[in-house]
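This briefing is an introduction to the protein chain shown below. Please keep the structure in view while reading the points that follow.

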Amino acid sequence: MVTDAFVDLVGTNRLIQALVGGIVIATLNLLGASLVLVWRDPSERALDGALGFAAGVMMAAAFTSLIVPGIEATEIIVPGLAADGLLRPLPVLIGIALGVLVLDRGDALVPHAHILLTGRKRADAAGQSEQLPIDDPRIASVVLFILAITLHNVPEGLAVGVGFGSGDVGGALALMLAIGIQNIPEGLAVSIAAINAGLDRRLYAAVAGIRAGVVEIPLAVIGALAVTVATPLLPYAMGFAAGAMLFVISDEIVPETHTRGHERIATLGTMAGVLVMLYLDVALA
């Protein structure tokens, strides 16, 4: 019923569907960032639990809405390859590897957001420079901060676009809702960190919404356009989006939720996120 209602409202054009999907996730990111206007001082425990939930949603979505459908798409798009069980997952696996590589190299060019925000320097941070002004309480490199967060919005917008571009509206809706839901606590957490760094509460809430919209909306359309025009790219694109999402979860979100002594609540939040995403996937797809 939800899928039919969405199609009746938006239509069957995949690019328009992806555009709407991008608008939805960007709006929910803005909602999360704007919560700082009413929830002025959330506890670290609450934030860790919320981020754990976001990680669980994204982790389940990467498999149920991207990796598994990507392998299934291989069977339709490349029937010769799909006939060999050993080679069938290959396009998706290549896409995952590329997604991880791009995000890893992106981190080498753009420092980790949490380093700029908190001043905590990870020993294994990719491309970490000793010259970063992490001791400046007001963070002189606000531009680097915005770029770092923007880098993490890239796979989200791309994933939604690829989902709608695949033609599986139910699966794409589940993915859109999953990413949108996790955007709320993620937007709130980043806003809190930015405010603690000295940025204005209202100004940053607005900047966060604009930043998410500028990145996620066009990338959703680009993702849909790429797999619509070049259908054979679909398994690779799905794998790429999944690999990028999994990289962000493992490299950024989970470690950040396990640094302040709230590991159990973060883990329970992750499990809750997995359960919610699995339910959404079955109910919608």
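A salt bridge here is a side-chain nitrogen of Lys or Arg within 4 Å of a carboxyl oxygen of Asp or Glu.

The model is predicted, so local features need pLDDT of at least 70 and side-chain atom pairs count only at pLDDT 80 or more, while totals for chains, interfaces and linings use all residues. Residues are numbered from 1 along each chain as its sequence is written, and side-chain values use heavy atoms, with hydrogens and water left out.

**Salt bridges**

- Side chains of opposite charge can pair when their charged atoms come close.
- The structure holds three salt bridges.
- D48 lies in helix 3 and R260 in the loop between helix 10 and helix 11, so their pair ties together parts that are 212 residues apart in sequence. Helices (H or I, at least four residues) and strands (E, at least two) are DSSP runs, numbered from the N terminus.
- D48 is buried because its relative accessible area is 0%, whereas R260 is partly exposed at 24%. Buried means under 20% relative accessible area, exposed means over 50%, and partly exposed lies in between (1.4 Å probe, protein chains only).
- E44 also forms a salt bridge with R260, and the closest N and O atoms are 3.9 Å apart. This pair links distant parts of the chain, since E44 is in helix 3 and R260 is in the loop between helix 10 (234–257) and helix 11 (263–284), 216 residues apart.
- E44 counts as partly exposed because its relative accessibility is 46%.
- R105 and D104 meet through their side chains in a salt bridge of 2.8 Å, N to O. Both partners are partly exposed, R105 at 44% relative accessibility and D104 at 24%.
- Through shared partners, salt bridges join E44, D48 and R260 into one network.

**Nonpolar core**

- The largest nonpolar core has 52 residues, of which L66 and F164 touch the most other members. Such a core is a set of buried Ala, Val, Leu, Ile, Met, Phe, Trp, Tyr and Cys residues joined through side-chain atoms within 4.5 Å.
- Helix 3 (residues 44–77) gives the largest share of this core, twelve residues.
- F164 has contacts (heavy atoms within 4.5 Å) that include F6, R14 and M176, not counting residues up to four places away in sequence.

**Nonpolar surface patch**

- L86, L87, L90, I94, L98, L101, L233 and Y236 form a nonpolar patch on the surface, with about 720 Å² of accessible area together. Patches are made of residues with over 30% relative accessible area and no salt bridge: like charges are joined within 9 Å, and nonpolar side chains (Val, Leu, Ile, Met, Phe, Trp, Tyr) within 5 Å. Accessible areas come from the Shrake-Rupley method with a 1.4 Å probe; for residues, only the protein chains shown count as cover.
- Helix 5 (residues 90–109) supplies the largest share of the patch, four residues.
- I94 is found in helix 5 and is partly exposed, at 37% relative accessibility.

**Record annotation**

- An unreviewed UniProt entry lists "transmembrane region" for residues 15–39, 51–71, 86–103, 203–227, 233–253 and 265–284. UniProt positions are given in the numbering used here, feature names are shortened, and annotations may be inferred rather than shown by experiment.
- Residues 233–253 are 95% helix and 0% strand, with end C-alpha atoms 29 Å apart.
- Residues 265–284 are 100% helix and 0% strand, with end C-alpha atoms 28 Å apart.
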